[in-house]
Amino acid sequence: MGDPNPVRGTAAEPAVRPDSTGWRRTFTLRWAKRLVDTSDIALPPDELQRQLSELVDVLAEALQDPGKVEAAGHAVGERLVDLHATGEGALPRTLELIRDYVVGESSVGAVGHLMHLLTAITAGFATAERERSVAREEFTTRALLHSKLRADRERDASDERFREVFTSTPVGVAICSLDGRFVEVNPALAETLGHRESDLLSMTIHDLFHPEEAAYLTAAYAELAEGGPAQRLRERRRLLRADGEQAWTYLAVSLLRDAEDEPKHFVTMVEDISELHLLQERFQYQALHDAMTGLANRQFFRTRLEAALGNLAPDDVLTLYHLGLDGFELINDGLGYEVGDSIIRAVARRLEQLVEGEQALVARFGGTEFAILVAESPRTAQIPEFAALINEELSEPIYIGEHGIATSASIGVVRRSVADGDPTSMIWEADVALRRAEIAGKRQWALFDPDVAPDERTEAKLAAIMPGALELGGFDVRYRPVADIGSGALVSVEAQLAWQPDGHEPLEHAEILRLAEGSGVTLELRDWMLRCVWEQLAEWSRAGHDTCVLIELSTNQSRDPDLVALVRGVLGAGDELDASWLHLCMPTDAVMNSPEEIRENIRVLRSMGVRTMLHSFRGAPQELRVLRELPVRGVRLAVELVELVNGRCADDEPEVRAVRQLVGLLRDSDVRVCVGDVHDEEQARWWQQLGCDFAVGPRYGEALTAGEFAAVLETFGPPQAPHTGSDGE
């Protein structure tokens with residue numbers, strides 16, 4: 001069906017999308033099946049689906065226009081009763097279906113409209129159902145009441161029939177005078193409100209009104225007695241039980257006239273709808289709270305933040321702490337998700353205890369992220385102290401069975417006066433600060449820095465639009481020479497990603513990979529690039545230009561278990577090319593930190609004939625050990641290492657000596673060394689003297705499109721036997 005929630009919306013788009021995926025038809029069929037399963041509906045299937053299709057259109061229009069939600073909800077609820085879809089479960093399954101199609105990563109406004117719509121549907125359903133029931137009861141009761149009056153005048157025996165219905169109906173019925181004194185009450189009314197019938201007869205209808213409803217109901221009864229425009233009263237209102245507790249009821253009040261058509265009595269019918277009210281409250285609670293912890297969820301947290309900014313004094317100060325639990329995947333992977341869930345619940349309780357006595361709200365944003373909003377007072381701890389208290393509280397072991405488990409949190413902090421606060425900005429700023437704290441390491445906290453916020457917002461936007469750009473063909477591949485540093489001869493071609501988003505300067509390969517790592521598109525981008533490059537290599541080969549290609553991968557692209565299968569498929573699509581022409585360059589840090597996945601990929605790729613290199617190589621002892629353990633014969637020196645040496649020309653400088661020794665160690669181990677960012681002939685000679693084998697950079701040519709690079713291949717002439725291994729490794 002496409003998007004499983006086609007009516008989902010965001011703050012930037014309407015809550016209902018055009019019916020391009022046919023979701024309305026699917027929704028109508030599922031709705032019809034649920035109603036047929038739960039109710040005795042006499043309509044033929046086609047007619048039922050036609051009428052439900054009309055209701056789906058009403059729902060869609062209401063979610064686009066908040067002003068239509070109330071009327072639309074009542075209309076849908078009433079129509080369900082008209083269709084006789086009143087069996088047990090018909091209403092709850094209808095509400096669940098609507099909720100499942102709407103709730104997602106929605107905005108706070110969309111969730112509010114949804115809750116309003118569900119409540120309106122429930123109210124409309126209840127109203128129509130009650131009206132149908134009450135109408136029958138009211139008709140019968142009124143007929144019998146008139147019969148009673150006639151019986152009094154004509155001494156007819158019909159009083160017995162009236163009494164039977166009056167006493168046996170499950171709906172509470174009371175007859176009272178125009179001043180509210182009870183004349184008669186039935187057992188159902190006494191049972192509903194917890195009074196004895198004799199006690200009720202000594203009271204007035206006004207004694208049953210809830211204090212908050214009394215003024216309105218008194219005025220409504222008076223208007224009925226005076227013959228106002230309202231001919232009857234039918235509303236959900238609160239009454240008081242005998243124990244003082246409130247009872248949510250559906251009231252149906254009408255005026256009973258005598259033979260001369262003069263007002264004589266009020267007839268009040270009372271039905272207890274407390275369970276329906278609790279059901280509506282439960283739906284609202286579930287929409288605003290985290291199911292696992294009972295804490296406020298992100299939507300409710302934002303609502304409360306908005307309320308605080310609207311109700312507190314302008315000079316009051318709010319501090320928002322955004323927490324991310326450190327290394328929680330180790331708990332889930334090592335002890336299981338049930339233990340992880342227990343830890344999440346324990347953390348929630350500890351955070352609530354931490355802010356006891358403060359004007360504060362704790363929320364769970366999802367996963368392992370929490371938030372705390374504190375309205376500062378003179379006794380509130382300062383930010384450094386409070387951040388330390390959070391981690392002190394979390395560091396106490398939480399015992400699950402025989403295991404004592406402690407955790408810690410990285411914390412992003414935003415502090416604003418109410419006058420300067422904005423809900424959207426504060427939540428985003430706290431998230432930005434949290435990401436910066438996580439980069440700094442575990443158990444760290446960071447205050448939002450407005451000076452770097454614009455850059456971070458731009459990066460977040462670029463990462464967010466990457467998937468769409470890839471799907472719409474927004475990326476390109478550029479090629480630049482990898483040359484022998486001594487002779488300048490072409491030994492291979494480096495393929496690099498290029499992207500110029502609208503309104504932004506062009507982005508190069510390394511920056512694109514960094515953004516892609518956080519966008520969720522990193523693997524799709526790698527797959528597209530490998531296929532594109534291999535096809536281009538085959539095209540050049542058919543034109544007589546046989547060359548190797550070097551592709552630099554990111555961490556996630558390198559350790560992906562599907563990398564080998566992808567490469568095998570790409571190689572199979574170009575049978576005329578040799579596997580040794582493909583060189584994959586993987587990050588050294590990734591090999592160190594994720595040894596099993598990446599090392600296995602390197603070994604299997606080598607067995608297939610694919611050459612592998614390491615980039616961002618710094619020469620640490622652990623890195624040198626990796627070169628002895630894996631079939632890697634080439635490294636690219638880290639950018640910072642190259643920048644450290646570039647421009648220095650004295651052999652006795654410490655940086656130069658260190659790099660010379662490192663290159664010597666690599667050459668002794670039969671590992672080829674590539675250096676980047678070589679700008680001129682002087683730098684080329686310098687790196688050649690240090691012992692490097694290959695180089696890239698402006699000295700040998702800038703990155704060009706495939707068409708432009710074809711001319712470069714003509715200029716360089718044939719590469720140095722790419723299939724033999726003299727390839728830049």
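Mentor: A charge sits over a ring if NZ of Lys or CZ of Arg is within 6 Å of the ring centre and within 35 degrees of the ring normal. The structure is a predicted model, in which local features need pLDDT of at least 70, side-chain atom pairs count only at pLDDT 80 or more, and totals for chains, interfaces and linings use all residues. Residues are numbered from 1 along each chain as its sequence is written, and side-chain values use heavy atoms, with hydrogens and water left out.

Trainee: At what distance from the ring centre of Tyr216 does Arg237 lie?

Mentor: Arg237 is placed over the face of the Tyr216 ring. The distance from the ring centre is 4.0 Å.

Trainee: How many aromatic pairs are there?

Mentor: Rings of Phe, Tyr and Trp (its six-membered ring) pair if their centres lie within 6.5 Å; planes under 30 degrees apart count as stacked, over 60 as edge-to-face and the rest as tilted. The count by this rule is 10.

Trainee: What is the angle between the planes of Phe475 and Trp499?

Mentor: These two residues form a tilted pair, 4.9 Å centre to centre. The angle between the planes of Phe475 and Trp499 is 35 degrees.

Trainee: How many residues apart in sequence are the parts that this pair ties together?

Mentor: Strands (E, at least two residues) are DSSP runs, numbered from the N terminus. Phe475 lies in strand E13 and Trp499 in strand E14, so the pair joins parts whose separation in sequence is 24 residues.

Trainee: Is Trp499 buried or exposed?

Mentor: Buried means under 20% relative accessible area, exposed over 50%, and partly exposed in between (1.4 Å probe, protein chains only). Trp499 has a relative accessible area of 5%, so this residue is buried.

How values were computed. Helix = DSSP H or I, 4+ residues; strand = E, 2+ residues; numbered from the N terminus.
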